[in-house]
Amino acid sequence: MYKDFAGLLAEAAAAKAPLWRIIAEEEMRLSELSDHELFMRLDTRLSVMEQSALRALDGPLETVGGLISGVASRHARYAERGGLSGRLTNRVMAYALSCSEVNASMGCICAAPTAGACGILPAVLFGMREEYDLSRGELQLALLTASGVGAVITKNATVSGAEGGCQAECGVAAAMAASAAVFLANGTNEASIHAVAFALMNAMGLVCDPIAGLVQVPCAQRNASQAVNALVAADLALAGMRSVIPPDEVVEAMLKVGHMLPDALKETAQGGIAATPTGKRIAKRIFPEETK
């Protein structure tokens with residue numbers, strides 16, 4: 001039974017198997033699910049992810065305070081023109097924004113690994129599906145790969161913004177998505193895990209500072225940017241780059257950095273952009289009774 005990324009890679013190498021197969025076997029052992037039952041659950045979660053990635057693309061959803069209403073549909077229209085970073089990157093951002101908008105409107109999302117980071121993994125999965133004409137089965141295996149990455153990080157660190165800042169939510173989601181992207185691009189097991197390290201390093205120290213305590217701003221924008229981080233990390237690994245610091249040590253560093261962050265920068269809305277004059281005015285407008 002693997003406990004960290006080194007162990008996961010070692011088991012996969014010994015079995016001459018992809019990461020998803022080792023992850024699936026461990027999940028079936030722990031949950032006592034059959035292979036069929038496991039993949040049915042994966043497909044259910046994929047369906048929720050797909051619905052949330054698409055739902056806000058056609059028009060604004062009503063959110064508390066209206067801070068991010070319409071951001072997904074506007075970006076989807078922009079993506080059709082390609083944008084500075086190309087159509088794939090901008091479609092991925094639009095999908096991520098849609099999930100965030102659905103979450104903020106109290107719609108159904110799949111926490112991956114948290115509700116605040118719900119858009120990153122779906123955005124990468126469905127962005128790549130559209131770009132490379134991937135099958136449903138391939139997405140299931142990519143989701144399984146990502147879930148195993150998330151489980152290892154949860155076991156050895158945290159995915160809580162209140163404990164580790166946004167690096168532990170959006171940063172970990174980016175790491176999960178990066179591993180999935182490498183798998184979908186036919187990268188090696190080793191490349192998938194080093195993509196995890198790159199994504200975490202790129203988000204190291206990211207604070208959690210939601211305006212008015214709502215999972216809207218800057219959460220939606222960070223879902224978009226960390227989805228792109230996942231693609232960048234995947235490309236670095238696919239190009240042959242390997243993390244100088246072992247991936248498990250990067251996870252440990254992320255946890256230590258999270259514990260070093262002051263409470264004001266960990267989901268309390270007392271620091272960062274939440275504590276700016278405009279951030280405070282927005283909070284007072286939305287929750288006048290709570291900000292007297």
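Let's start at Glu267, which is partly exposed, with a relative accessibility of 39%. The model you are looking at is predicted. Glu267 sits in the loop that runs between helix H12 (247-260) and helix H13 (277-286). Its phi is positive, about 75 degrees, although Glu267 is not a glycine.

Ala269 belongs to the loop between H12 and H13. Here too phi is positive in a residue other than glycine, near 60 degrees. Ala269 has a relative accessible area of 23%, so it counts as partly exposed, the cut-off for buried being under 20%.

Pro210 itself is in the loop between helix H10 (189-203) and helix H11 (219-238). With a relative accessibility of 5%, Pro210 is buried. Have a look at Gly271 as well: it is 61 residues from Pro210 in sequence, while their C-alpha atoms are 8.9 Å apart in space.

Pro218 is placed in the loop between H10 and H11.

Another cis bond leads from Ala112 to Pro113, where omega is near 5 degrees. You will find Pro113 in the loop between helix H5 (87-104) and H6.

## H3 against H6

Helix H3 (residues 35-55) packs on helix H6 (residues 120-132) at an angle of about 85 degrees, and their axes are 9 Å apart. The two helices are therefore roughly perpendicular to each other. From H3, the residues Leu46, Met49 and Glu50 meet Leu121, Pro122, Leu125, Phe126 and Arg129 of H6. Sorted by type, the residues of this contact comprise six nonpolar, no polar and two charged.

## His75 in H4

His75 is part of helix H4 (residues 71-79). A relative accessible area of 18% makes it buried. Its side chain forms a polar contact of 2.9 Å with the side chain of Asn90. Not counting residues up to four places away in sequence, His75 touches Asn90, Met93, Ala94 and Leu97.

## Helix H9

H9 covers residues 170-184, and its 15 residues reach 21 Å from the first C-alpha to the last, close to the 21 Å expected at 1.5 Å a residue. H9 is mostly covered, with 15 of its 15 residues buried. After H9 comes Asn186, with a positive phi near 65 degrees.

Conventions:
Residues numbered from 1 in each chain as written. Predicted model: local features only at pLDDT ≥ 70, side-chain atom pairs only at ≥ 80, totals over all residues. Heavy atoms only, no water. Helix = DSSP H or I, 4+ residues; strand = E, 2+ residues; numbered from the N terminus. Buried < 20%, exposed > 50% of the residue type's maximum accessible area, 1.4 Å probe, protein only. Polar contact = N/O pair within 3.5 Å; in protein donor to acceptor, adjacent residues only side chain to side chain. Contact = heavy atoms within 4.5 Å. Expected span 1.5 Å × (residues − 1). Axes fitted to C-alpha atoms, helices over the stretch in contact; angles between N-to-C directions. Parallel < 35°, antiparallel > 145°, perpendicular 65-115°, else oblique. Nonpolar A, V, L, I, M, F, W, Y, C, P; charged D, E, K, R; others polar.
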